[in-house]
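Dear colleague,

I am handing over the structure below, and I would be grateful if you could look through it alongside the notes that follow.

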Amino acid sequence: MQALDELPKAPAHPVRIGVLAIQGDYDAHAQALREAGAEPVLIRKPEELSTIDGLIIPGGESTTFLKFLERDGFLASLQDFVRHKPTFGTCAGCILLATEVTHPPQQSLGVLNATVERNAYGRQIDSAIQTSDTKLPGGPLEMVYIRAPRIAKTGDGVTILAERDGFPVLVEQGHIMAATFHPELSTDRRVHQRFVDLVRDWPSRQTRSAHS
Ligand code: GLN
């Protein structure tokens, strides 16, 4: 008879991950999530946040996001969500998650212990595709930058997974992930896969830390 731990595992229930679908390239994120084995859900209303296990805040224009979020108490619900649930911010999403935003200063959700400078690269090089090493397994990663911000400073608890010119471009802090580039615009799915794994593992990681 086969030992229990040799039996094939039943496929895990796909995690439901929301993509804030106010503006920006949310469809590309939804597709990337699907390819990484998650069920994407487009989020347009604050009450929809209660139906998901994790959230992606995509790139776009962070000021436009803020204007929209100020309606219907969306900002307060989002603030509550990002404090406890896995959230991945890319580009404008990274700006929205930071504790401090500069150039110019603006309101943010304040859960990523970092100072993020908007539109930090000069006009000529503000949009670029670069391939660099990261701490993710599987070799160099293509990174697409579009009017990218710069993570100028990180604080306690932030792990840097990749850098550009000595500044972090992909970071993690507990249940938060952030990238200053657009992983959804490349075909490599390792970044989304890492977030899907984080969302899947987060409930058990929390249970473990509560018991330790
Ligand atoms: N420049 C944008 C901002 O400051 C971010 C650009 C992006 O998300 N691609 O909000």
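A nonpolar core is taken here as a set of buried Ala, Val, Leu, Ile, Met, Phe, Trp, Tyr and Cys residues joined through C-beta atoms within 7 Å, where a residue is buried if 20 or more other C-beta atoms, placed from the backbone, lie within 10 Å of its own. This is a predicted model, in which local features need pLDDT of at least 70 and side-chain atom pairs count only at pLDDT 80 or more, while totals for chains, interfaces and linings use all residues. Residues are numbered from 1 along each chain as its sequence is written.

The largest nonpolar core has 54 residues, and those with the most contacts inside it are Ile17, Leu55, Cys94, Leu97, Ala98, Ala178 and Val196. Beyond its neighbours within four places in sequence, Ala178 is in contact (C-beta atoms, placed from the backbone, within 7 Å) with Gly89, Cys94, Leu97, Leu112 and Val171.

Strands here are DSSP runs of E with at least two residues, and helices are runs of H or I with at least four, both numbered from the N terminus; two strands pair if DSSP finds at least two bridges between them. Seven strands form an open sheet with mixed pairing, in the order β2-β1-β3-β4-β12-β11-β10, and its edge strands, each pairing on one side only, are β2 (39-43) and β10 (159-164). Strand β1 (residues 16-20) pairs with β2 in the parallel sense over five bridges, and Leu20 has Ile43 in β2 as its bridge partner.

Around the ligand, the surrounding residues include Gly59, Cys91, Arg118 and Pro149.

With best regards

Notes: A residue is near a molecule or strand if its C-beta atom, placed from the backbone, lies within 6 Å of it. A residue is buried if 20 or more other C-beta atoms lie within 10 Å of its own, exposed if 12 or fewer, and partly exposed in between; C-beta atoms are placed from the backbone. Two residues are in contact if their C-beta atoms, placed from the backbone, lie within 7 Å.
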